[in-house]
Amino acid sequence: MAQIKTTGMYKSFPRSGSDTKTSHYCAGCGHGIVHKLIAEALFDLELQDETIIFNPVGCSVFGYYYLDAGHISAAHGRSPSAATGIARTLKDRTIICYQGDGDLGAIGLNSTLQAANRGEHIAVIFINNATYGMTGGQMAPTTLAGMKTRTTPFGRDPLTDGYPLHVCEMINELKAPVYIERVSVADTRRIMKARKAVRKALKIQKENRGYAFVEIIAPCPIGLKSTPLETARFCMEEMEAEFPLVCLRDNSADQPLLPTPKKIVSVKDFFENSGTDLGISTAVPDESFKELRMKFSGYGGQGVLSLGLWLAEAARIDRRFTTWFPSYGPEQRGGAASCAVVVSGRTVGSPDADHPDLLVAMNQVAYERFIGDVLPGGFAFVDLTVPINVEPRAGVRLISVPALKLAEEFGITQSANTVILAAISAFGVSNLSRESLLSSLDAGFRKKPELAIKNKKLFVKAETWIKDQWKSSEVRECESAEIAASEDTAHGTGRGIC
Ligand code: SF4
(Lines give C-alpha, C1' and ligand atoms only; values in the text may rest on other atoms or scores of the structure.)
Protein backbone atom coordinates (compact mmCIF):
# COMPACT_ATOMS: atom_id res chain seq x y z
CA MET A 1 0.00 0.00 0.00
CA ALA A 2 1.37 3.38 -0.97
CA GLN A 3 2.24 5.50 2.02
CA ILE A 4 0.19 8.68 2.32
CA LYS A 5 2.48 11.67 2.65
CA THR A 6 1.38 13.89 5.49
CA THR A 7 2.73 17.39 5.33
CA GLY A 8 2.73 20.03 8.03
CA MET A 9 2.62 17.46 10.84
CA TYR A 10 5.34 15.78 12.83
CA LYS A 11 6.32 12.32 11.70
CA SER A 12 5.71 10.86 15.14
CA PHE A 13 4.17 12.16 18.33
CA PRO A 14 6.49 11.37 21.25
CA ARG A 15 4.09 11.95 24.11
CA SER A 16 5.07 10.74 27.58
CA GLY A 17 8.32 9.33 26.24
CA SER A 18 6.75 6.95 23.71
CA ASP A 19 7.50 7.53 20.04
CA THR A 20 3.97 6.81 18.90
CA LYS A 21 2.52 7.51 15.47
CA THR A 22 -1.04 7.49 16.74
CA SER A 23 -2.78 10.51 18.18
CA HIS A 24 -4.49 10.67 21.56
CA TYR A 25 -7.86 11.30 19.93
CA CYS A 26 -10.65 8.70 20.14
CA ALA A 27 -11.68 6.66 17.10
CA GLY A 28 -14.08 8.66 14.95
CA CYS A 29 -13.09 12.02 16.49
CA GLY A 30 -13.15 15.05 14.21
CA HIS A 31 -10.05 16.73 15.69
CA GLY A 32 -7.59 14.57 13.79
CA ILE A 33 -9.25 15.43 10.46
CA VAL A 34 -9.17 19.15 11.20
CA HIS A 35 -5.52 18.94 12.26
CA LYS A 36 -4.74 17.34 8.93
CA LEU A 37 -6.58 20.10 7.02
CA ILE A 38 -4.69 22.81 8.91
CA ALA A 39 -1.37 21.03 8.44
CA GLU A 40 -1.85 20.69 4.70
CA ALA A 41 -2.90 24.31 4.33
CA LEU A 42 0.10 25.53 6.35
CA PHE A 43 2.43 23.51 4.17
CA ASP A 44 0.84 24.43 0.83
CA LEU A 45 0.61 28.13 1.68
CA GLU A 46 4.21 28.04 2.97
CA LEU A 47 3.09 29.34 6.35
CA GLN A 48 4.52 26.63 8.52
CA ASP A 49 7.59 28.50 9.74
CA GLU A 50 5.72 31.67 10.54
CA THR A 51 2.59 30.31 12.18
CA ILE A 52 1.72 30.39 15.86
CA ILE A 53 -1.15 28.20 17.00
CA PHE A 54 -3.03 28.74 20.23
CA ASN A 55 -4.33 25.40 21.47
CA PRO A 56 -7.35 25.37 23.76
CA VAL A 57 -8.09 23.84 27.11
CA GLY A 58 -9.97 20.77 25.92
CA CYS A 59 -9.34 17.57 23.99
CA SER A 60 -7.04 19.30 21.52
CA VAL A 61 -4.83 20.87 24.20
CA PHE A 62 -2.09 18.58 22.87
CA GLY A 63 -2.20 20.09 19.38
CA TYR A 64 1.48 20.93 19.75
CA TYR A 65 2.34 17.22 19.54
CA TYR A 66 0.95 17.04 16.02
CA LEU A 67 1.09 20.30 14.07
CA ASP A 68 4.60 21.25 13.05
CA ALA A 69 4.40 24.99 13.80
CA GLY A 70 4.89 27.35 16.74
CA HIS A 71 2.50 26.88 19.67
CA ILE A 72 1.30 28.83 22.67
CA SER A 73 -1.13 27.84 25.39
CA ALA A 74 -3.29 30.56 26.87
CA ALA A 75 -5.52 30.53 29.94
CA HIS A 76 -8.87 28.80 29.38
CA GLY A 77 -10.83 30.73 26.75
CA ARG A 78 -8.32 33.56 26.51
CA SER A 79 -6.66 32.59 23.23
CA PRO A 80 -8.17 35.47 21.24
CA SER A 81 -6.92 37.97 23.83
CA ALA A 82 -3.42 36.51 23.99
CA ALA A 83 -3.41 36.11 20.20
CA THR A 84 -4.29 39.80 19.88
CA GLY A 85 -1.05 40.70 21.61
CA ILE A 86 1.01 38.37 19.45
CA ALA A 87 -0.73 39.40 16.20
CA ARG A 88 -0.16 43.07 16.92
CA THR A 89 3.48 42.75 17.89
CA LEU A 90 4.55 40.07 15.40
CA LYS A 91 2.75 41.31 12.32
CA ASP A 92 4.52 38.97 9.94
CA ARG A 93 3.18 35.86 11.72
CA THR A 94 0.05 33.88 11.02
CA ILE A 95 -1.95 33.37 14.17
CA ILE A 96 -4.47 30.56 14.61
CA CYS A 97 -6.78 30.15 17.59
CA TYR A 98 -7.94 26.53 17.66
CA GLN A 99 -10.81 26.30 20.15
CA GLY A 100 -13.66 24.04 21.26
CA ASP A 101 -17.18 24.82 22.44
CA GLY A 102 -16.24 25.32 26.09
CA ASP A 103 -13.08 27.29 25.45
CA LEU A 104 -14.68 29.52 22.81
CA GLY A 105 -18.43 29.44 23.42
CA ALA A 106 -18.55 29.39 27.23
CA ILE A 107 -15.65 30.68 29.32
CA GLY A 108 -14.05 32.48 26.39
CA LEU A 109 -17.09 33.94 24.65
CA ASN A 110 -16.32 37.51 25.64
CA SER A 111 -12.70 37.25 24.45
CA THR A 112 -13.99 35.75 21.21
CA LEU A 113 -16.54 38.49 20.52
CA GLN A 114 -14.22 41.33 21.49
CA ALA A 115 -11.41 40.06 19.25
CA ALA A 116 -13.87 39.59 16.38
CA ASN A 117 -15.31 43.05 16.97
CA ARG A 118 -11.81 44.55 16.82
CA GLY A 119 -11.13 42.64 13.63
CA GLU A 120 -7.89 41.18 14.92
CA HIS A 121 -5.72 39.57 12.31
CA ILE A 122 -6.25 36.01 13.46
CA ALA A 123 -7.89 32.87 12.11
CA VAL A 124 -10.22 31.18 14.57
CA ILE A 125 -10.98 27.50 14.02
CA PHE A 126 -13.95 26.61 16.21
CA ILE A 127 -14.66 22.92 16.77
CA ASN A 128 -18.35 22.45 17.53
CA ASN A 129 -19.13 18.92 18.68
CA ALA A 130 -22.10 19.86 20.88
CA THR A 131 -20.53 18.50 24.07
CA TYR A 132 -17.62 18.75 26.48
CA GLY A 133 -15.74 15.69 25.26
CA MET A 134 -12.61 15.87 27.40
CA THR A 135 -14.43 16.05 30.73
CA GLY A 136 -16.89 13.27 29.97
CA GLY A 137 -19.75 14.65 27.88
CA GLN A 138 -21.36 17.50 29.81
CA MET A 139 -23.67 20.06 28.23
CA ALA A 140 -21.90 22.63 26.07
CA PRO A 141 -23.29 25.98 24.86
CA THR A 142 -23.85 24.24 21.50
CA THR A 143 -25.65 21.18 22.89
CA LEU A 144 -28.90 20.67 21.00
CA ALA A 145 -32.29 21.16 22.66
CA GLY A 146 -33.46 17.83 24.07
CA MET A 147 -29.99 16.30 23.81
CA LYS A 148 -28.98 14.11 26.75
CA THR A 149 -25.62 14.80 28.33
CA ARG A 150 -24.09 14.04 31.70
CA THR A 151 -25.40 17.31 33.09
CA THR A 152 -28.72 17.20 31.23
CA PRO A 153 -29.73 13.54 31.78
CA PHE A 154 -33.33 14.30 30.74
CA GLY A 155 -32.26 16.32 27.73
CA ARG A 156 -31.33 19.99 27.39
CA ASP A 157 -34.38 22.03 28.31
CA PRO A 158 -34.26 25.51 26.74
CA LEU A 159 -36.48 26.83 29.52
CA THR A 160 -33.81 26.18 32.11
CA ASP A 161 -30.64 25.57 30.08
CA GLY A 162 -31.08 28.08 27.27
CA TYR A 163 -30.89 27.43 23.54
CA PRO A 164 -27.93 26.19 21.50
CA LEU A 165 -25.53 29.06 20.94
CA HIS A 166 -25.05 30.11 17.30
CA VAL A 167 -21.58 31.61 17.44
CA CYS A 168 -21.20 32.18 13.68
CA GLU A 169 -24.42 34.16 13.61
CA MET A 170 -23.36 36.20 16.66
CA ILE A 171 -20.08 37.10 14.99
CA ASN A 172 -21.95 37.94 11.81
CA GLU A 173 -23.60 40.80 13.72
CA LEU A 174 -20.21 42.49 13.97
CA LYS A 175 -18.74 44.75 11.29
CA ALA A 176 -15.06 43.90 11.41
CA PRO A 177 -14.79 40.18 10.53
CA VAL A 178 -13.76 39.43 6.96
CA TYR A 179 -14.76 35.81 6.63
CA ILE A 180 -17.28 33.67 8.55
CA GLU A 181 -18.23 30.15 7.49
CA ARG A 182 -19.66 27.02 9.11
CA VAL A 183 -18.55 23.67 7.68
CA SER A 184 -18.46 20.04 8.79
CA VAL A 185 -16.06 17.09 8.73
CA ALA A 186 -18.73 14.39 9.09
CA ASP A 187 -18.18 12.84 5.64
CA THR A 188 -15.82 13.09 2.69
CA ARG A 189 -17.83 15.63 0.71
CA ARG A 190 -18.08 17.87 3.74
CA ILE A 191 -14.39 17.44 4.55
CA MET A 192 -13.52 18.77 1.08
CA LYS A 193 -15.59 21.91 1.75
CA ALA A 194 -14.02 22.26 5.20
CA ARG A 195 -10.60 21.97 3.56
CA LYS A 196 -11.40 24.98 1.37
CA ALA A 197 -12.68 27.00 4.33
CA VAL A 198 -9.57 26.34 6.42
CA ARG A 199 -7.36 27.32 3.48
CA LYS A 200 -9.29 30.50 2.93
CA ALA A 201 -9.00 31.48 6.60
CA LEU A 202 -5.23 30.93 6.51
CA LYS A 203 -4.82 32.67 3.16
CA ILE A 204 -6.60 35.70 4.63
CA GLN A 205 -3.97 35.70 7.35
CA LYS A 206 -1.14 35.30 4.88
CA GLU A 207 -2.42 38.31 2.95
CA ASN A 208 -3.03 40.25 6.16
CA ARG A 209 -6.69 40.84 5.38
CA GLY A 210 -8.18 40.53 8.86
CA TYR A 211 -10.33 38.33 11.06
CA ALA A 212 -11.50 34.93 9.81
CA PHE A 213 -13.82 32.56 11.67
CA VAL A 214 -14.47 28.96 10.65
CA GLU A 215 -16.86 26.85 12.71
CA ILE A 216 -16.42 23.13 12.08
CA ILE A 217 -19.06 20.62 13.10
CA ALA A 218 -17.00 17.65 14.22
CA PRO A 219 -18.02 14.23 15.53
CA CYS A 220 -17.32 13.31 19.16
CA PRO A 221 -18.43 9.66 19.54
CA ILE A 222 -17.22 9.48 23.13
CA GLY A 223 -19.13 12.56 24.27
CA LEU A 224 -22.23 11.24 22.54
CA LYS A 225 -21.64 7.72 23.86
CA SER A 226 -22.23 6.38 20.39
CA THR A 227 -20.44 4.75 17.47
CA PRO A 228 -18.40 6.77 14.97
CA LEU A 229 -20.95 6.04 12.23
CA GLU A 230 -23.95 7.02 14.32
CA THR A 231 -22.14 10.18 15.48
CA ALA A 232 -21.40 11.15 11.88
CA ARG A 233 -25.11 10.72 11.10
CA PHE A 234 -25.99 12.84 14.16
CA CYS A 235 -23.69 15.60 12.89
CA MET A 236 -25.11 15.58 9.35
CA GLU A 237 -28.77 15.35 10.24
CA GLU A 238 -29.44 16.67 13.73
CA MET A 239 -26.62 19.18 14.15
CA GLU A 240 -26.97 20.61 10.67
CA ALA A 241 -30.69 21.12 11.29
CA GLU A 242 -29.72 23.46 14.13
CA PHE A 243 -26.44 24.75 12.70
CA PRO A 244 -26.81 24.98 8.90
CA LEU A 245 -23.61 24.79 6.87
CA VAL A 246 -23.29 28.22 5.36
CA CYS A 247 -20.83 30.91 4.41
CA LEU A 248 -22.19 33.96 6.21
CA ARG A 249 -19.59 36.41 4.97
CA ASP A 250 -16.65 36.55 2.61
CA ASN A 251 -15.26 40.04 2.12
CA SER A 252 -11.78 38.78 1.47
CA ALA A 253 -11.79 39.93 -2.16
CA ASP A 254 -12.49 43.54 -1.14
CA GLN A 255 -9.09 44.02 0.35
CA PRO A 256 -7.77 46.31 1.68
CA LEU A 257 -10.83 46.25 3.86
CA LEU A 258 -9.14 47.37 7.02
CA PRO A 259 -6.67 50.23 7.24
CA THR A 260 -3.15 49.21 8.13
CA PRO A 261 -2.96 49.44 11.90
CA LYS A 262 -1.00 52.40 13.21
CA LYS A 263 2.55 51.62 14.21
CA ILE A 264 2.63 50.80 17.89
CA VAL A 265 5.13 53.03 19.66
CA SER A 266 7.30 51.14 22.08
CA VAL A 267 7.52 52.39 25.65
CA LYS A 268 11.22 53.07 25.08
CA ASP A 269 10.52 55.14 21.96
CA PHE A 270 7.73 56.98 23.69
CA PHE A 271 9.97 58.16 26.48
CA GLU A 272 13.06 58.75 24.36
CA ASN A 273 11.49 60.41 21.31
CA SER A 274 8.43 62.14 22.66
CA GLY A 275 10.02 65.53 21.92
CA THR A 276 8.85 66.70 25.31
CA ASP A 277 11.01 66.98 28.35
CA LEU A 278 9.08 64.71 30.67
CA GLY A 279 11.91 64.71 33.16
CA ILE A 280 12.24 61.00 32.45
CA SER A 281 15.66 59.42 32.60
CA THR A 282 16.24 56.02 31.10
CA ALA A 283 17.77 53.22 33.11
CA VAL A 284 21.44 52.38 32.69
CA PRO A 285 22.41 48.70 32.57
CA ASP A 286 24.66 47.74 35.47
CA GLU A 287 25.36 44.02 35.88
CA SER A 288 27.09 44.67 39.23
CA PHE A 289 23.87 45.97 40.80
CA LYS A 290 22.21 43.32 42.94
CA GLU A 291 18.58 42.93 41.93
CA LEU A 292 16.23 43.53 44.82
CA ARG A 293 12.65 42.27 45.08
CA MET A 294 10.46 43.96 47.64
CA LYS A 295 6.96 43.41 48.96
CA PHE A 296 4.99 46.13 50.75
CA SER A 297 1.85 44.94 52.50
CA GLY A 298 -0.87 46.06 54.86
CA TYR A 299 -4.40 47.41 54.70
CA GLY A 300 -5.65 49.74 51.99
CA GLY A 301 -5.26 53.26 53.37
CA GLN A 302 -2.00 52.50 55.20
CA GLY A 303 -0.02 53.83 52.28
CA VAL A 304 1.76 50.60 51.32
CA LEU A 305 1.07 51.09 47.60
CA SER A 306 2.46 54.64 47.82
CA LEU A 307 5.49 53.36 49.71
CA GLY A 308 6.18 50.94 46.86
CA LEU A 309 5.77 53.72 44.33
CA TRP A 310 8.29 55.86 46.20
CA LEU A 311 10.85 53.04 46.10
CA ALA A 312 10.23 52.62 42.36
CA GLU A 313 10.56 56.38 41.90
CA ALA A 314 13.84 56.41 43.85
CA ALA A 315 15.07 53.59 41.60
CA ARG A 316 14.11 55.62 38.54
CA ILE A 317 15.99 58.65 39.85
CA ASP A 318 19.02 56.40 40.40
CA ARG A 319 18.59 55.19 36.77
CA ARG A 320 17.88 51.61 37.75
CA PHE A 321 15.39 49.37 35.99
CA THR A 322 12.27 49.09 38.09
CA THR A 323 8.67 47.85 38.18
CA TRP A 324 5.75 48.44 40.55
CA PHE A 325 3.04 45.79 40.66
CA PRO A 326 0.00 46.46 42.89
CA SER A 327 -2.43 43.92 44.25
CA TYR A 328 -5.52 44.63 46.29
CA GLY A 329 -8.92 43.19 46.95
CA PRO A 330 -12.23 44.64 45.73
CA GLU A 331 -12.69 46.68 48.88
CA GLN A 332 -9.30 48.46 48.33
CA ARG A 333 -9.55 50.94 51.23
CA GLY A 334 -9.51 48.95 54.42
CA GLY A 335 -8.97 45.61 52.68
CA ALA A 336 -5.71 43.76 52.16
CA ALA A 337 -3.33 45.61 49.87
CA SER A 338 0.17 44.91 48.72
CA CYS A 339 2.56 45.74 45.96
CA ALA A 340 5.75 44.27 44.61
CA VAL A 341 8.67 46.43 43.54
CA VAL A 342 11.67 45.16 41.65
CA VAL A 343 14.84 47.21 41.32
CA SER A 344 17.47 45.89 38.99
CA GLY A 345 20.58 46.70 36.99
CA ARG A 346 19.00 45.14 33.90
CA THR A 347 15.61 44.74 32.27
CA VAL A 348 13.15 43.27 34.76
CA GLY A 349 11.57 39.96 33.75
CA SER A 350 8.78 39.19 36.18
CA PRO A 351 7.49 42.16 38.18
CA ASP A 352 6.34 39.93 41.03
CA ALA A 353 8.11 39.36 44.33
CA ASP A 354 6.95 35.92 45.45
CA HIS A 355 10.16 35.53 47.41
CA PRO A 356 11.18 39.04 48.40
CA ASP A 357 14.52 40.24 49.71
CA LEU A 358 12.70 42.95 51.61
CA LEU A 359 9.25 42.80 53.21
CA VAL A 360 7.30 45.59 54.85
CA ALA A 361 4.29 44.35 56.81
CA MET A 362 2.08 46.98 58.38
CA ASN A 363 -0.37 44.62 60.05
CA GLN A 364 -0.62 41.11 61.45
CA VAL A 365 -2.45 39.61 58.45
CA ALA A 366 0.22 40.85 56.05
CA TYR A 367 3.00 39.66 58.35
CA GLU A 368 1.59 36.16 58.70
CA ARG A 369 0.90 35.91 54.99
CA PHE A 370 4.27 36.99 53.65
CA ILE A 371 6.97 36.53 56.31
CA GLY A 372 7.61 32.91 55.34
CA ASP A 373 8.41 34.00 51.78
CA VAL A 374 11.30 36.32 52.63
CA LEU A 375 14.59 34.89 51.41
CA PRO A 376 17.42 34.12 53.83
CA GLY A 377 19.67 37.17 54.00
CA GLY A 378 16.63 39.39 53.49
CA PHE A 379 15.00 42.01 55.72
CA ALA A 380 11.51 42.41 57.10
CA PHE A 381 10.25 45.65 58.62
CA VAL A 382 7.13 45.50 60.74
CA ASP A 383 5.28 48.09 62.70
CA LEU A 384 5.85 47.74 66.45
CA THR A 385 2.15 46.98 66.92
CA VAL A 386 2.32 43.83 64.78
CA PRO A 387 2.33 40.66 66.90
CA ILE A 388 5.30 38.53 65.93
CA ASN A 389 3.82 35.08 66.26
CA VAL A 390 5.41 33.44 63.21
CA GLU A 391 9.12 32.93 62.94
CA PRO A 392 10.83 34.04 59.72
CA ARG A 393 13.15 31.69 57.86
CA ALA A 394 16.68 31.39 59.25
CA GLY A 395 18.84 34.28 58.15
CA VAL A 396 16.01 36.80 57.78
CA ARG A 397 16.50 39.97 59.83
CA LEU A 398 13.24 41.13 61.38
CA ILE A 399 13.19 44.78 62.48
CA SER A 400 10.30 46.34 64.35
CA VAL A 401 9.77 50.09 64.08
CA PRO A 402 7.03 52.17 65.78
CA ALA A 403 6.00 53.72 62.47
CA LEU A 404 2.36 54.41 63.33
CA LYS A 405 3.30 55.90 66.68
CA LEU A 406 6.09 58.10 65.28
CA ALA A 407 3.88 59.44 62.49
CA GLU A 408 1.30 60.39 65.08
CA GLU A 409 3.86 62.01 67.32
CA PHE A 410 5.21 64.02 64.41
CA GLY A 411 1.68 65.21 63.69
CA ILE A 412 1.03 63.43 60.33
CA THR A 413 -0.97 60.38 61.33
CA GLN A 414 -1.32 59.12 57.74
CA SER A 415 2.44 59.00 57.19
CA ALA A 416 3.58 55.77 58.82
CA ASN A 417 4.75 54.81 55.33
CA THR A 418 7.16 57.76 55.35
CA VAL A 419 8.62 56.48 58.64
CA ILE A 420 9.17 53.05 57.05
CA LEU A 421 10.83 54.75 54.06
CA ALA A 422 13.13 56.48 56.56
CA ALA A 423 13.84 53.12 58.23
CA ILE A 424 14.74 51.57 54.87
CA SER A 425 17.11 54.46 54.33
CA ALA A 426 18.52 54.25 57.88
CA PHE A 427 19.36 50.56 57.46
CA GLY A 428 20.63 51.02 53.88
CA VAL A 429 18.81 47.93 52.65
CA SER A 430 17.44 49.17 49.30
CA ASN A 431 20.76 49.73 47.49
CA LEU A 432 19.30 53.10 46.50
CA SER A 433 20.77 56.46 47.43
CA ARG A 434 19.36 58.35 50.40
CA GLU A 435 18.91 61.45 48.22
CA SER A 436 16.75 59.51 45.78
CA LEU A 437 14.64 57.99 48.56
CA LEU A 438 14.07 61.47 49.97
CA SER A 439 13.38 63.02 46.53
CA SER A 440 10.85 60.30 45.74
CA LEU A 441 8.48 62.08 48.14
CA ASP A 442 8.41 65.09 45.78
CA ALA A 443 6.97 62.86 43.07
CA GLY A 444 4.69 61.11 45.56
CA PHE A 445 3.13 64.39 46.62
CA ARG A 446 3.44 66.20 43.29
CA LYS A 447 -0.11 67.53 43.53
CA LYS A 448 0.22 68.51 47.19
CA PRO A 449 3.63 70.18 47.57
CA GLU A 450 2.90 71.24 51.15
CA LEU A 451 2.59 67.55 52.08
CA ALA A 452 5.85 66.77 50.27
CA ILE A 453 7.62 69.32 52.51
CA LYS A 454 6.03 67.90 55.68
CA ASN A 455 6.83 64.30 54.77
CA LYS A 456 10.41 65.14 53.87
CA LYS A 457 10.82 66.73 57.29
CA LEU A 458 9.28 63.64 58.87
CA PHE A 459 11.64 61.41 56.84
CA VAL A 460 14.73 63.28 58.14
CA LYS A 461 13.53 63.30 61.74
CA ALA A 462 12.43 59.66 61.71
CA GLU A 463 15.67 58.52 60.13
CA THR A 464 17.73 60.23 62.84
CA TRP A 465 15.42 58.97 65.58
CA ILE A 466 15.58 55.38 64.30
CA LYS A 467 19.39 55.46 64.19
CA ASP A 468 19.49 56.90 67.72
CA GLN A 469 17.02 54.40 69.10
CA TRP A 470 18.51 51.35 67.35
CA LYS A 471 18.54 48.41 69.73
CA SER A 472 16.33 50.27 72.22
CA SER A 473 13.03 48.73 73.23
CA GLU A 474 11.34 50.53 70.31
CA VAL A 475 13.61 49.91 67.34
CA ARG A 476 15.06 46.46 67.51
CA GLU A 477 15.80 43.25 65.83
CA CYS A 478 13.52 40.40 66.87
CA GLU A 479 15.39 37.32 68.04
CA SER A 480 14.13 33.78 67.62
CA ALA A 481 13.88 33.22 71.36
CA GLU A 482 11.64 36.25 71.74
CA ILE A 483 9.43 35.12 68.89
CA ALA A 484 9.03 31.71 70.54
CA ALA A 485 8.14 33.42 73.80
CA SER A 486 5.61 35.66 72.11
CA GLU A 487 4.16 32.60 70.43
CA ASP A 488 3.58 31.12 73.90
CA THR A 489 1.87 34.33 74.89
CA ALA A 490 -0.37 34.01 71.88
CA HIS A 491 -1.79 30.84 73.40
CA GLY A 492 -2.76 32.76 76.51
CA THR A 493 -4.90 35.82 76.88
CA GLY A 494 -3.14 38.03 74.38
CA ARG A 495 -0.52 37.95 71.67
CA GLY A 496 2.94 39.12 72.46
CA ILE A 497 5.23 41.33 70.46
CA CYS A 498 8.97 41.12 70.34
S1 SF4 B 1 -13.78 12.96 23.73
FE2 SF4 B 1 -14.70 13.53 21.77
S3 SF4 B 1 -13.62 15.38 21.11
FE4 SF4 B 1 -12.41 14.43 22.73
S5 SF4 B 1 -10.92 13.15 21.68
FE6 SF4 B 1 -12.67 11.83 22.17
S7 SF4 B 1 -14.02 11.95 20.40
FE8 SF4 B 1 -12.57 13.63 20.22
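Residues are numbered from 1 along each chain as its sequence is written. As the model is a predicted one, local features need pLDDT of at least 70 and side-chain atom pairs count only at pLDDT 80 or more, while totals for chains, interfaces and linings use all residues.

The chain holds 17 helices and 16 strands, taken as DSSP runs numbered from the N terminus (helices: H or I, at least four residues; strands: E, at least two). Of its 498 residues, 44% count as buried, that is, with 20 or more other C-beta atoms, placed from the backbone, within 10 Å of their own. Among the contacts with a separation of 6 or more, 64% are made by residues 24 or more positions apart; a contact here puts two C-beta atoms, placed from the backbone, within 7 Å.

Strand pairing requires at least two DSSP bridges. With β9 (residues 246–250), β7 is antiparallel, joined by four bridges, and C247 of β9 is the bridge partner of E181.

Strand β8 also meets helix α4 (residues 109–118): the buried residues of α4 pack against β8, α2 (79–89), α3 (101–106) and α6 (167–171). Those buried in α4 are S111, T112, A115 and A116. Viewed down the axis of α4, its buried residues fall within an arc of 125°, so they line one face of the helix; the arc is that of the directions from the helix axis to the C-beta atoms. After α4 comes G119, with a positive phi near 65°.

Around the ligand lie Y25, C26, C29, H31, C59, N129, G133, M134, C220, P221, I222 and G223, each with its C-beta atom, placed from the backbone, within 6 Å of the molecule. Helix α8 (residues 221–224) gives the most to this shell, with three residues. By class, the shell has eight nonpolar, four polar and no charged residues, where Ala, Val, Leu, Ile, Met, Phe, Trp, Tyr, Cys and Pro count as nonpolar, Asp, Glu, Lys and Arg as charged, and the others, Gly among them, as polar.

Technical notes: A residue is buried if 20 or more other C-beta atoms lie within 10 Å of its own, exposed if 12 or fewer, and partly exposed in between; C-beta atoms are placed from the backbone.
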